[in-house]
Amino acid sequence: MTRILLVEDNEMNRDMLTRRLERKGFTIEAAGDGEEALKKIAASQPDLVLMDMNLPILNGWATCRELRANPATESLPIIALTAHAMAEDEQKARAAGCNDYTTKPIDFPLLLAKIDNLLTA
Amino acid sequence: MISLPRLTLRLRLSISIIAIVALFTLTNLTYQLSSENRNLRLDNLQNAVASQLATVTIRQLLENQEKEILVLDALKDGGKEQLSKEEIQNGRSDLSSLQAEIRRLKPYVYAETVDSYNTLLAGYDALHDGWYRFYVGYNNNQTPSTIKIERAFANTMQLLSDFESLEILAAEQQTLDLQKTVRFTDRITLTIYLFTIALTVSLGYLLIRYTNRSLNELNLGTVRIGGGDLKYHIPVNNDDEIGDLTIAFNEMSDKLSNAMAQVQQSKEKADQANRSKTNFLANMSHELRTPLNAIIGYSEMIIEDYREEKALDAEQAVEDLARILSSGRHLLQLINDVLDLAKIESGNMTVFNETFDSVDIIEELMSTMAPIAKKGDNLLVLEKSQDIPHLYNDAVKFRQLFLNLLSNACKFTHNGKITILVTYNAKTRHAVYHVSDTGIGMTPSQLTRVFEAFVQADSSTSKKYGGTGLGLSICKQFVELMDGSMDVTSAEGEGTTFTILLPTRAPIQKRTDAIPAENQQELSLDLKASSSSETTSVSEEDALGRVLVIDDDPESRQLLLRHLEKENYIGLEAGDAKQGIAIANEQQPDLILLDLMMPNIDGWTALSVLKESPSTRHIPVILQSMLDEKNLGLDLGAAEFLPKPVDRQRMATILRHLNPQDRRGAALLIAPETESRKLLLEELTDEAWQCMVATSMAQVIERIQQKSPDIIFIGLGMPYDSVLEILAMLNGKLNGKLNDGLNAKLSDNIDASTDSTEDALASLATAITAPIYVVSETPLGSSQSRRLDLPADQIILFNKDDKSNLEKILNLS
C-alpha cells in the first residue's frame, strides 16, 4: 500500500484530492499546514508528499527545505501542488527541493502519472 | 558707497585700449619735445657761427679803417694837400657802414653777452667819434691827436675780442644745456615707450589668461554636464558676460536635470505600474485557479461516479455539487470585482451623480444585513447627528460601498457590535461616516496593506472568511471616484473602524431636476402607492414620454415596464428585434431601451437597422447588457448604455436626460476629442441638450443626416482650415470639393430625388437652420475671425476658466 501525505490547507481541495486518490488505491494522510506535515512525517514517513505551497504557519517552500535538510527525508519524493502558475513559480518550488510540480486546477491523470513516475524511479 | 560699474569684458578691453592709446600719445609728445630741443640746439650753433663770421668781418673792417687813418695821418704830416670833398664823404660813409655792421651783431647777442656788447658799442662810439672828427678836421688841420685815436682803436679791438670769446662761451653753455634737455627727453621717451610695450603685453596676457580660465571652466562644465553629471554647477567667478553665460548655462543644466528627473520618475512610475500589473495578473491567476481546482476536481469525480455506476451516494453528490456551486459563485464574485477594478483603473468607471439621502440608503442596507449580523450574534447600530444634508453623488456606488463595509464587518466580528456613525462637518461641508466593529482587527503591518488588491490580512483569512481580497481596494477607489476619502484604524483583537468623508456640495441647479429631494421622496412614495394597483396606467397627457422596450426575456421586459410606469413613462414592448423595429417605425416612440443579447436578430443588428433607417434614426437608443459595451455602443450610434441588472434610479436619470420632450434640443459638436470638448459636452448635457459629436466632414454629414441639429458648435482644437471647410459646407458654399468617400456617403443617404452630390450638399445646407458658433479656447486673431465670415457674437471663447460666453448663448436659445 502506497502511503501519500497530502499537505493542503483548503478544506475543499483536501477533501476532493483525498477521495480521488483513495479511489485509486492510495492510503492518504492529510495535514493542514507545514508544521503538522513535518510532525506527521517524523512520526511515520510516507512514500510520497503532495505539497501545497501557500500554507499557514509554515509555508510549503520552507517545509520542503526543512525536509531536504534532514538526512532521513532528503530523498523523500515531493510533488508541489500550487495555484501559482508562472514559470518562476515552478523554479521556486524546484529550488526549495520539490521533485516535481503541478498547477491547480489539477490534471488528475497527469498527477497520477507523476506520482507513479516518482515512486518507480 | 559708490557702486562700481560692472567690470565686464567689454569694459576691460576698452580700458586697456584707452590706456595704450594714452601712453602712445605721451610717447609722441615727449618725442616732439626732444626733437624741438634738437632744432633749438642747431639754431644755436648757427647763431654762434654767424656771430663769429660777423666779428671777423668787423675786425677786418676796423683794421682797414685804422690803416686808412694811419696813412692819411702820415700824408698830412708830409704836408700833403687837402682831402677832397668826396674823399671825406667816403670816409664818413665807411664809418657809418662800420657802425651798421657792429649793430648787426645784435641778433646774435646772448643774455650773458649783452653787457659785453653794450661796452663794445660804447667803445666803438668813442672810436667812431675820434675818426669822424679826424675826417672833419683834416682840411682845417684840426684833427684830434692820433694817439688818442690809437688808444680808442686798441680799446675797441680788445672789446671786440672780449665780446667774441664771451659769445663762444655763451654758445657753448647753451649747447650744453640743450644737450642735457635732449638727453632727458630721450630718456623719458624711451621709458614711456618701454612702459607702453610692457603694459600692452601684460594687459594682453591678463586678458587672454582671464578669458582662457573662464572659458576653460565653462568648457570643463559643459564636458561634465554633457557627460551626464547634471548636478554639476560651473562656479560663477566673474560678474561679466562670461559670468552671465555661466549662469545661463547652469540654469540650462538645472532645467535639463529637472526634466531628466521627471523622465526618470515617470519611467519608475511606469515600471512600478508594470510590476503591479504583473503582480496583479499573477495573483489573479492564483485566485482564479483555486476555485477552479475545486470545480474541476469535484465535477470529474461526480462524472466518474456516474460512469462507473457505483452505488451513488445522493447526499455526497449534493454536497459536492454545493461545493462546485459555491466555488463558481466565488469565481463570479472574483471576476466582477476584477472587472470593477479594471474599469476603475482604465478610467471607464463613470460616476452617475444624483441627489439622495445617504442615511436612507444606510438604513435600507442595515435591514438587508440584519439576518447576516444576527447569524454572527452581532448587534447592528446606527447613530447619526440631527441633520445630514443630502448628497449629490453616485447612489449606486454609495450603496455598494456600504454593503461591502457592512458585510466585511459582519464577516470579521462575532458576538460583537457593528456601529455606523454619521455626522456632518459644516466647515468642510463633508458627511462623515464611521463603520466600526468589535471584530478580530488587524496588526499595524496588515493595516498598511489593507487597501491593496488581493491582500487579506492573512492568506488563511480568505479560506476561513471567504472573499476575494478585492473588496476594500474597490471601496477605496469608489470613494476616490466619488470625490471623497477613506481611512482605516484598527487594533488587533479589538476591532476596526473605517472612516469615509464625502462632500455634500449642492448639485448645480438644473431645469430638468427642479424637484427638491424631499418632494422626490414623496413622489416616489406616491408612485409606489399607485403602482401597487395593477390597473393604474400612465395617461397620455401626464406621461413624460413613450419608451419602447425591446427584450426577449419577458421577465426583464416586465420589470422594465414596471419601472417605466413608476417613472411616469408610457411603456411599449417588443419580444424580439424584428417586432421592435416594426413598432419603432409605426409608433415613433421617444426613446428605445434595447437589449443586446437576443436570439435571431441580436441587439447590435437591431441598433444598426434603427440607426440606418431615416424614420427611426432620430430616436435615442439606450443599450442594455450584462457586459459593459458602453464605448462600442456609443460608437455605433447608441445614446446611452444601461448595465443589467437595471438600476431604477439610474434608468430614470438617463431617461430624463435623453427624453426629447424634456430636452432643449440637439447640439452638434464638431471638434476633436480634447479636454475642452469634454468640458463643453458636460456643460451642454447639464443644460439638457442632446449632444452629437463629429470630428470630420464625413461625420458632420452623417450626424446631420441622422438628426438636424438645433445648434452647432465647431472648433476647440479643430484645425483652422478644417473649420473653414466645414463652415463652407454648412453654408452651402462648398462646390464639388468632396472626395469620393464623402460623395458615396451622400449618395447613399440622400433621397433618390436628388441625383447629384452637389444638389445633395445644397439641400443639406438649406436644411441647416441652426445657428453656428465657432468656439475657441484662446481669442482668435482678427484676420482669422474675418475669414470665418460669421457675425462677431457667433465666435466665442470657451475654456475651463471662462464659460460665461457659452452660458449667454445657452440662455438665449
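**Exercise 1. Find what joins the side chains of R23(A) and E304(B).**

*Solution.* Start with the distance: N to O, these side chains are 3.7 Å apart. Next, recall the rule: a salt bridge is a side-chain nitrogen of Lys or Arg within 4 Å of a carboxyl oxygen of Asp or Glu. R23(A) and E304(B) therefore form a salt bridge. Chain A and chain B have six salt bridges between them. On the side of chain A that touches chain B, the largest share, seven residues, comes from helix 1 (residues 11-23) of chain A. Helices (H or I, at least four residues) and strands (E, at least two) are DSSP runs, numbered from the N terminus.

A word on the model: it is predicted, so local features need pLDDT of at least 70 and side-chain atom pairs count only at pLDDT 80 or more, while totals for chains, interfaces and linings use all residues. Residues are numbered from 1 along each chain as its sequence is written, chains are lettered from A in the order in which they are written, and side-chain values use heavy atoms, leaving out hydrogens and water.

**Exercise 2. Describe the interface of chain A and chain B.**

*Solution.* First, count residues: 20 of chain A are in contact with 24 of chain B, where contact means heavy atoms within 4.5 Å. Then take the area: the two chains bury about 2,100 Å² between them, with 53% of it on carbon and sulfur atoms. Buried area is the accessible area (1.4 Å probe) that two parts lose on being put together, summed over both.

**Exercise 3. Work out whether N415(B) and Q588(B) are exposed or partly exposed.**

*Solution.* N415(B) has 66% relative accessibility, so it counts as exposed. Q588(B) has 29%, so it counts as partly exposed.

Now look at the backbone. N415(B) is not a glycine, yet its phi is positive, about 55°. N415(B) lies in the loop between helix 8 (395-411) and strand 4 (417-425) of chain B. Q588(B), also other than glycine, has a positive phi near 45°. Its place is the loop between helix 14 (577-587) and strand 10 (591-595) of chain B.

**Exercise 4. Find the peptide bond type between K104(A) and P105(A).**

*Solution.* Check omega: the value is about 0°, and the bond is cis. Then locate P105(A): it sits in the loop between strand 5 (100-103) and helix 5 (108-120) of chain A.

Notes. Buried means under 20% relative accessible area, exposed over 50%, partly exposed in between (1.4 Å probe, protein chains only).
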